[in-house]
Structure formats: C-alpha cells, structure tokens
Amino acid sequence: MSNERKITLTVNGSSRTMVVPAHRTLLEALRDAGHYDVKRGCEKGDCGACAVLVDGVAVDSCLTLAATVEGHEITTLAGLGDRESPHPLQQTFMDTGAVQCGYCTPGIIIAARDLLSRNPDPDEDAIRLALSGNLCRCTGYGKIFEAVEQAAALLREERAEA
Amino acid sequence: MSDIDTLGHDTANVAFRQVGKPLTRTDAPGKAVGKTRYAGDHTMPGMLHAKVVRADMASARLVRLDVSRARALPGVAVVLTAAEMSDRTSATDIPGQTGRQRLKTNQQILVREQVRYYGEPLALIAAETPDIAEEAARLITFELEPVPGIYTPEDGLKPDAPVIQGTDNVVSEYRIRKGDVDAGFAEADVIVERTYKTPFQEHAFLEPEAGLAWVDENEVINIRVCTQVIEHFRAIADAVGVPHNKVRIMGSLVGGGFGGKEDITVEVYLALLTKATGRPVRLEFSREDSFVGHGKRHPFTITHRTGVTRDGRITALDVQILGDAGAYVYLSPYVLLYCVVNAPGPYRVDNLTVRGRAVATNNMYTSAFRGFGGLQACAAYEQQMDEVANAIGMDRLEFRRRNFLKTGEPMATGFVPPSAIWTDRCAEAAWAALGEPTPSPAPHIRIGRGIGCSQQSYGRLTFLHDTSEAWVGAEMDGTVVVRSGVTDIGAGQASALGQIAAELLGVTLDNVVVYNSDSAVTPLAGTTTATRALYMTGNAARLAATAVRERLVARAAQEFEVAPENINLGDNRAFVIDDPERAMPFRDLIAICASEGIHRSELSIFRAPFTDMLDPETGQGQAHPDYAYGAHAIEVAVDIETGEVTILKSIAAHDVGQCINRAAVEGQIDGGAQNGQGYALSEELLFDEGRLLTPSFAEYLTPTAMDVPRVEHIIFESRSGLGPFGAKGVGEPAMTPVAPAIANAVADAIGVRVFEMPITPERVVDALADARG
C-alpha cells in the first residue's frame with residue numbers, strides 16, 4: 001500500500017526495521033513484531049497497560065503512531081531485565097505480591113521506572129501521581145506502592161555502592 | 001479459639017514449611033519480566049482475524065441484514081449470520097461441569113429476528129487481516145425496526161409489558177419463610193422500613209476477551225482463550241454441533257476475571273469461524289466490545305422491613321428483592337438465590353420472610369460478578385443494620401453484637417454452617433483498628449465511620465453436585481508436577497496448588513510445576529468461580545498429594561526401619577522425626593520408588609456436599625457447602641459543598657480459615673477493597689433505553705492509584721474451613737462488606753443516607769439538599 005513506511009527504531013537495545021502503514025500505532029507495531037509484553041487494554045490511553053519508554057520517558061504506545069518514533073529508543077518491560085537478572089522493580093513486584101493477574105504489570109513497571117529515573121526517592125504521593133495513568137483491577141495498588149518503594153530503596157543502595 | 005478446636009481437621013503431619021507464608025507465586029516472575037503469554041498473545045501461520053458486528057439498538061426487529069458486499073471483499077474468508085446457523089443455540093446457565101438438570105435457557109448466538117440488548121451480535125467476520133475485517137464490518141448494512149422495550153424490572157412486571165423472556169419476564173423467583181413474621185412484628189417496639197438500590201457494575205478486568213482457535217488433524221476444535229471456565233468445551237461442542245470430545249479449550253493465565261469471564265464469550269464465535277473456514281482464527285475484543293460483550297453485575301432494589309425491640313433484638317424481618325436480569329437469563333437465577341439466602345446476613349432472625357424476583361429487561365444481560373448476589377444482599381442488610389440501630393438509639397456495633405449469628409447456629413435457610421462464625425471478632429478488630437477519629441480540617445469537611453459485616457459462601461451451590469480433580473506426581477529427578485484443569489485468573493489459583501503439593505511432599509515450591517487449564521490434558525477441576533478454586537481443587541490436590549505422600553513415607557520407613565509415623569517429608573528430603581540426621585534426599589527416595597514400581601502419582605477427585613434444591617415453599621435447606629465471615633471498617637471525609645467522598649481509613653478483617661499464601665490473601669483483600677470502593681462511589685454504567693453510554697474507562701471510573709487508601713489487613717485463621725488445612729476462601733468475601741461500610745460511613749459523616757449506589761458527589765449534594773428541605 002502506498003501509505004506504508006519503512007521505519008527503523010531501537011527496541012530493547014536492538015535495531016528493528018518495520019514496514020508500517022501511517023496509521024499503525026506503536027502498540028500494534030510492537031506486538032506485530034512479537035513484543036507481547038506490551039499489553040493492549042483499551043487503545044484509547046485510558047488504562048496505561050501499553051506503556052513503553054520512548055527515550056526513557058513513559059508513553060502510552062496506543063496513542064503513539066509508530067512512524068513518529070522512527071530512530072528513537074523504545075524500552076518495553078522485557079527490556080528492563082529478565083528472570084536471571086531482573087530489574088529491581090521486577091524483583092520487588094514479584095516478591096511483594098504486586099503482581100496478580102499481571103496484565104497491568106508491564107505498563108505499571110514502565111511508569112514506575114520513568115518515575116524512579118526522575119525521582120530516586122519518591123514519597124507516596126509522587127508514586128500515586130506517577131501511576132495515576134495506569135489502571136489495575138486486582139491489587140488495589142497497595143502492594144504496588146510497596147514494590148515501588150522497595151525498588152527505589154534498592155536502586156538508591158545500588159547507586160550508593162557504585 | 002477453643003470454640004472450633006473441637007471441630008477437628010484432617011491434616012497430615014506437616015510443619016507448614018510452605019503453607020501460610022507470603023511466598024512468591026509461581027506465576028509472578030514470568031509476569032514481572034514480560035514472559036507470560038496471555039490469550040491474545042498467540043498467533044499461528046495462516047490465521048484469520050475475526051470481528052463481531054453488533055446491533056446498535058436494545059429492542060428491535062431485524063428487518064434486513066445484507067452481508068453480500070462484505071463477503072465479496074477480497075481477503076474476507078467468511079461472514080456468518082444467523083441464516084447459516086438457524087438451529088444453533090448457546091448455553092447460558094451453569095458454567096462447567098454438573099450432571100444435574102440445567103435450566104435450558106439456551107439463546108440465539110447471532111440475532112435471528114429479535115434484538116434484545118444493545119450490542120447483541122448480528123454477524124461474524126473472519127478475514128486475512130484485522131484491517132480487512134474492519135473494512136468488511138463497514139460494508140455490512142442492516143435495518144433495525146425499533147420495538148417497545150423494557151428498561152427497568154418494575155416496568156417488566158407491568159401486566160401490559162412486552163415479554164422478553166418466558167411468559168411474564170420473571171426469569172426466577174425464590175422465597176424464604178421461617179418462623180412467624182406477623183407475631184414477630186407484633187412483638188417489635190419499632191419497625192424500620194427502607195429501600196436500597198445497588199447498581200450495574202462492569203468487571204473492568206484489564207485484559208479484554210481474546211482467543212485463538214484452530215482445527216487439528218483429528219478434527220478437534222482447539223481454542224486457546226482467557227476464561228474462568230474451560231469446561232465450556234461441552235457447551236461449545238453442543239453449540240457448533242460436534243461431540244464433546246472434539247472441542248478442547250486451553251485456558252491461558254487470565255488477565256482478570258471477577259466473574260466476567262465465567263460465561264461463554266469469544267470462544268463460541270471462534271469455534272464457529274474456525275469450523276467454517278478450516279483455518280486458525282484469532283479474535284480479540286476491543287474495550288468497547290468487552291463492555292457490551294459480557295454480562296454485568298445485577299442491579300437490585302432491596303427493601304428491608306425490620307421489627308426490633310428497644311433493647312436491640314430483631315423480632316422479625318421481611319425482605320423484598322427485585323433484580324434486573326437483563327435481556328438473557330444467564331446466571332440470574334443463581335445470583336438471585338445467593339441474594340435470597342443471604343438476605344438477613346450474619347444475624348439471627350427467627351421470624352423471616354424473603355421474596356426475590358429477577359426480571360428480564362432490554363438492558364445489558366446480567367450474570368456473575370464477584371459476590372454474586374450475596375454482595376448485593378450485604379449492601380442492603382448492612383445499611384439496614386445502621387438504620388435500625390439509629391432508630392432505636394443504639395450504638396451501631398452494639399446492635400450488631402446483640403444479633404450476630406454464632407458458631408453452630410442456623411442461618412436463614414435453617415442450615416448450620418459447619419465452620420467457625422467469627423463475624424464478632426472480625427467486627428471488633430476492624431472497628432478498634434480505626435483508632436482515634438481523624439480531626440476535620442475545615443467546617444465543610446465531615447468525618448464519618450462505618451462498618452460492614454458479611455456472610456459470603458465459598459463453593460458452588462450444593463444442588464449442583466460440584467466435583468474437582470487434580471493429579472500430583474513426582475518425576476524421576478525428584479521434581480514435582482501438579483496437573484489440574486483449574487484456571488488461574490490472577491489470584492494465584494495454580495500457585496496455591498503447588499504450595500499444597502509442596503507442603504505435603506516436603507519439597508520447596510521451586511521444585512513444583514503446575515500444569516493447568518487444559519480441558520483435554522489436565523484432570524477436570526471445575527470452574528474458577530464462587531470462591532471455590534482453593535476449596536475444591538485445593539482439596540483435590542491435597543488428596544492426591546496425601547496419597548503419594550503415604551506411599552513415600554511407607555517406603556522411607558522401610559529404609560530407615562522405623563514406623564511410618566516416625567517419618568516426615570520436608571526441605572526436599574525424607575527424615576526420621578526423632579532422629580532428623582537420619583535422612584535421604586527426596587530425589588533418592590523417588591529413585592527407589594521408581595526402581596521398585598511404587599506408584600509415584602495419584603489422580604484424586606474431591607466432592608462437595610451434594611444436596612437437593614432448597615424447599616420451594618420455605619427456602620429451607622442447604623444452599624452452599626459453607627460460609628466465610630468478615631468485616632470491613634471505613635473512615636471517610638465528605639466535602640458537603642462538593643459532595644466528594646474521600647476514604648481515609650480502610651480496615652479489613654476476615655476469617656480465612658487458613659492462609660495458604662498470606663501475600664495472596666492480602667492481595668485479594670486489597671483488590672476487594674478497591675473493587676468495592678468503585679462500586680460504592682464512582683462506577684456507573686449509564687444507559688439510554690438500553691444503549692450503553694459509558695463503554696470506556698474514560699467514562700466508567702474505576703478507582704485509580706490516586707483514589708484508594710492503603711488497606712490494613714487483619715487476618716484470622718480459625719482453621720475451621722472445609723478447604724485444605726482448614727482454609728475457607730477470600731476471593732469474594734474480601735469485596736462483600738466494603739460498599740455498605742462506605743455507605744454507612746458517608747451517612748455517619750453527613751447525617752443523611754444516600755439510598756442508591758454509587759454515592760456520587762451529585763447524590764451526596766442532592767441528599768443534603770433534600771434533608772435541608
């Protein structure tokens with residue numbers, strides 16, 4: 001089709017080239033490319049399940065056209081760490097019970113990662129505000145707040161040791 | 001805790017190395033690092049993309065449906081309408097397995113002539129790409145001729161009402177008659193009559209319905225889908241016209257259920273489309289599809305008329321219940337039954353009448369939702385307890401104390417719950433934990449407190465004759481496998497089975513893998529509904545693991561030349577209890593058993609109590625296996641200028657019988673508190689003549705991270721439940737008392753009650769204005 005574009009972007013550190021129609025959202029493009037850790041919840045920017053980092057800043061990938069992030073660096077949940085070497089947020093989310101059904105987890109960890117990169121020692125209000133664009137229906141958020149607080153402390157320790 | 005010790009319980013010789021701890025769930029790591037594949041994350045080569053075309057009116061006659069242009073569009077594989085399936089229907093009642101007579105409330109899969117609710121499916125499309133499926137949907141034209149509809153159950157009862165279901169729109173009716181209500185009212189010093197309204201509620205799970213289906217080399221229709229009930233395979237097979245052994249449902253880890261993935265949704269469309277095309281088909285609901293594509297919580301209007309003495313004794317109670325069943329029957333009769341049997345709540349009421357009716361309308365159909373009628377009953381009885389206490393000038397907790405049902409006493413249906421009834425200690429603890437009242441920061445901010453006490457069943461209705469199976473076995477290297485059909489909808493249902501097996505076989509949880517949720521391969525475990533997964537499947541896993549354990553212990557006893565009673569399994573080894581240095585690794589014991597042909601696995605079935613239906617005249621008898629009791633205490637601040645309600649303190653106290661995973665229990669409580677808060681304050685499905693006006697999260701407001709308090713958990717363990725190790729269940733009970741506790745706190749704060757939920761700012765301001773006259 002004539003409106004298709006070839007774009008190159010970096011996803012979790014690897015360069016990816018995709019052919020996408022102009023109307024293709026970053027959410028759809030990432031999932032079509034096999035990045036299923038980016039979740040589709042509402043496709044309207046209401047729920048935050050699809051959040052990814054674009055150059056370190058959390059955005060709803062459902063509200064971002066893939067073609068507009070050509071050349072940018074995308075990080076999804078899986079780009080933060082894996083089972084052998086989880087990111088402190090991934091570790092605290094699994095340890096505290098902040099993960100229940102897990103469907104909101106990718107977007108919430110991404111939003112929390114964005115917060116902690118800007119504010120290494122957030123108070124509860126800052127955490128609440130940072131996660132206010134991410135809906136969760138299972139956890140009541142309480143254990144998510146705990147997980148973010150614990151991860152922030154771990155990251156501060158890491159920094160102090162470095 | 002002595003009042004339940006005498007109940008005794010069948011526990012193995014276990015030291016609780018696993019059970020009760022806040023362990024990391026087996027499913028958590030995969031989810032936290034983005035490795036978990038949900039139902040919508042699967043693809044197959046050559047798969048088609050499906051779309052559902054829906055009616056845009058709630059009550060209409062289908063005059064014309066033209067799919068010819070859609071069929072002609074290149075890339076469209078098939079378009080199905082009712083014309084292609086004139087004899088096909090889909091079951092809507094009793095999900096999953098039961099040998100008992102069903103209600104036979106099958107319904108059309110696609111609209112034949114009459115549209116009964118907004119969004120009812122007209123046609124199914126399968127195409128090469130999602131874009132082509134979208135385009136095909138735009139090419140389908142239809143003409144709907146409006147016909148008069150019914151949009152409230154009250155209207156549905158009018159003699160001249162159009163008939164939507166049955167002969168008179170009453171899809172179900174139940175009664176309870178106990179004692180002498182007239183005499184009870186005559187004895188009363190005060191009679192208090194109030195009517196409470198509860199709203200529709202949307203489950204709002206984050207994962208919209210999705211699935212992938214294909215026909216395999218044996219002509220079996222395989223469906224990978226997010227569902228609470230893989231045993232819909234039978235109803236799907238019936239719906240598409242193949243034998244039951246030719247449909248296989250593989251559940252994925254589910255992105256939230258809450259009852260909203262209990263009925264059949266995408267799987268019947270997937271089965272029809274893959275059968276019609278012979279190709280793999282994928283269908284994902286959009287969020288708007290999801291809002292109109294599964295049932296909602298029943299709104300109920302509940303009137304309590306309570307007779308009470310000045311010293312706070314309830315002498316009589318009459319409860320009238322009217323529920324909106326929506327356009328199709330689905331689980332309305334059972335939801336209504338839960339509401340009826342729980343109508344007086346966890347209180348002694350000797351003279352009682354209850355009448356409940358569920359009436360069809362042209363609103364969105366209503367079905368299962370966490371709490372399942374028991375929750376709506378609680379919303380009414382707990383507000384009524386406050387109203388009655390206020391009417392006789394008695395402290396609200398003291399009034400409850402004087403009427404709490406106690407362990408060993410009969411509930412409304414005359415049934416004596418077999419476990420501990422610890423509502424009193426839950427209520428006392430929750431109320432005490434509120435501590436000192438928060439001072440009001442300004443004259444227009446009013447502080448108030450409320451409590452909700454609850455009775456909620458765990459386990460399905462006993463006349464359904466529920467069973468559950470699990471298989472537990474040890475591999476040659478000493479790792480352990482659990483196989484069970486149980487679906488995991490996010491609460492850790494599978495992980496809990498792993499913990500139970502780990503506990504009984506003396507291995508650590510990281511040595512256990514749970515294979516679950518495959519109707520063809522894993523033993524059928526029943527539904528993940530009704531707070532039954534831990535009770536039923538947990539018991540099946542307990543039985544299977546215990547049988548394996550006994551054989552392993554016997555063999556170890558022979559090895560160490562001691563009595564079997566002197567052997568225990570723990571920390572991945574078998575050891576002599578009075579000489580723990582004498583031990584062997586678990587894997588060595590397994591190797592011995594394997595070399596001698598000792599059976600290292602077991603398939604077990606657990607059966608709930610089987611009963612008949614309640615007496616149709618009196619409503620007396622057993623409805624459920626058992627009940628869980630708890631309380632929720634709330635402190636709110638209400639801005640009387642804006643009507644805004646803020647929750648300041650939220651304390652949950654529940655007797656869970658026995659925690660299996662403490663973190664999971666707390667998680668259920670937190671989620672229940674949040675879900676109950678939305679129900680009480682902000683979540684509102686608005687309809688205009690049945691047309692849903694709020695089909696997105698921008699309009700339907702579930703609580704966000706900005707809205708919820710941190711919940712304090714007080715967990716009692718009576719060890720008296722019917723589940724493994726004395727567990728009860730907490731999935732539904734966690735939510736049940738929350739909304740009335742909030743409503744009672746708001747009424748306490750502003751001095752007037754808002755009788756209709758959600759208690760929106762508008763309703764608060766209106767109630768205050770009405771009170772001022």
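**View 1. Burial of helix α3 of chain A****.** The buried residues of α3(A) are A:T105, A:P106, A:G107, A:I108, A:I109, A:I110, A:A111, A:A112, A:R113, A:L115 and A:L116. A residue is termed buried if 20 or more other C-beta atoms lie within 10 Å of its own, exposed if 12 or fewer do, and partly exposed in between, with C-beta atoms placed from the backbone. The model is predicted: local features need pLDDT of at least 70 and side-chain atom pairs count only at pLDDT 80 or more, whereas totals for chains, interfaces and linings use all residues. Residues are numbered from 1 along each chain as its sequence is written, while chains are lettered from A and ligands numbered from 1 in the order in which they are written. Helices (H or I, at least four residues) and strands (E, at least two) are DSSP runs, numbered from the N terminus. Eleven of the 14 residues of α3(A) are buried, and the helix is thus mostly covered. Its cover includes β3, β4, α2 (88-96), α4 (124-130) and α5 (142-161) of chain A, together with α2 of chain B. The end C-alpha atoms of α3(A) (residues 105-118) are 20 Å apart, in agreement with the 20 Å that its 14 residues should span at 1.5 Å a residue; the expected span is 1.5 Å times one less than the number of residues.

**View 2. The two domains of chain A****.** Chain A is divided into domain 1 (4-79) and domain 2 (88-161), with bounds that come from an automatic or database domain assignment. The centres of these two domains of chain A, taken over C-alpha atoms, are separated by 21 Å. Domain 1 of chain A brings 15 residues to the contact and domain 2 of chain A brings 13 residues; two residues are in contact if their C-beta atoms, placed from the backbone, lie within 7 Å. On the side of domain 1 of chain A that touches domain 2 of chain A, β3 (51-54) and β4 (57-60) of chain A are the elements that give two or more residues. The largest share of that side, three residues, comes from β3(A). Its residues divide into ten nonpolar, three polar and two charged. Here Ala, Val, Leu, Ile, Met, Phe, Trp, Tyr, Cys and Pro count as nonpolar, Asp, Glu, Lys and Arg as charged, and the others, Gly among them, as polar.

**View 3. The contact between chains A and B****.** Chain A provides 42 residues and chain B provides 44 residues. Within the side of chain B that touches chain A, α2 (28-32) and α17 (662-682) of chain B each supply at least two residues. The largest share of this side, eight residues, comes from α17(B). By class, the residues of this side of chain B are 22 nonpolar, 14 polar and eight charged.

**View 4. The two assigned domains of chain B****.** Domain 1 of chain B comprises 2-36 + 467-607, and domain 2 of chain B comprises 415-457 + 627-773. Their C-alpha centres lie 35 Å apart. The contact takes 23 residues from domain 1 of chain B and 22 residues from domain 2 of chain B. On the side of domain 1 of chain B that touches domain 2 of chain B, α1 (2-5), α14 (493-505) and α15 of chain B each supply at least two residues. With five residues, α15(B) gives the most to that side.

**View 5. Packing of helices α15 and α16 of chain B****.** The axes of α15(B) (residues 533-560) and α16(B) (residues 586-595) come within 10 Å and cross at roughly 95 degrees. Axes are lines fitted to C-alpha atoms, for helices over the stretch in contact, and angles run from 0 to 180 degrees between N-to-C directions. The helices α15(B) and α16(B) are therefore roughly perpendicular to each other; angles under 35 degrees count as roughly parallel, over 145 as roughly antiparallel, 65 to 115 as roughly perpendicular and the rest as oblique. B:L552, B:R555 and B:A556 of α15(B) make the contact with B:L589, B:I592 and B:C593 of α16(B). Five of the contact residues are nonpolar, none is polar and one is charged.

**View 6. Backbone features at A:N12****, B:E219** **and B:P758****.** Although not a glycine, A:N12 has a positive phi of about 50 degrees. A:N12 lies in the loop between β1 (4-11) and β2 (14-21) of chain A and counts as partly exposed, with 18 C-beta neighbours inside 10 Å. B:E219, also not a glycine, has a positive phi of about 65 degrees. B:E219 is found in the loop between β11 (210-215) and β12 (221-225) of chain B and counts as exposed, with 10 C-beta neighbours inside 10 Å. B:M757 and B:P758 are joined by a cis peptide bond, with omega about -5 degrees. B:P758 is placed in the loop between α18 (738-750) and α19 (761-772) of chain B.
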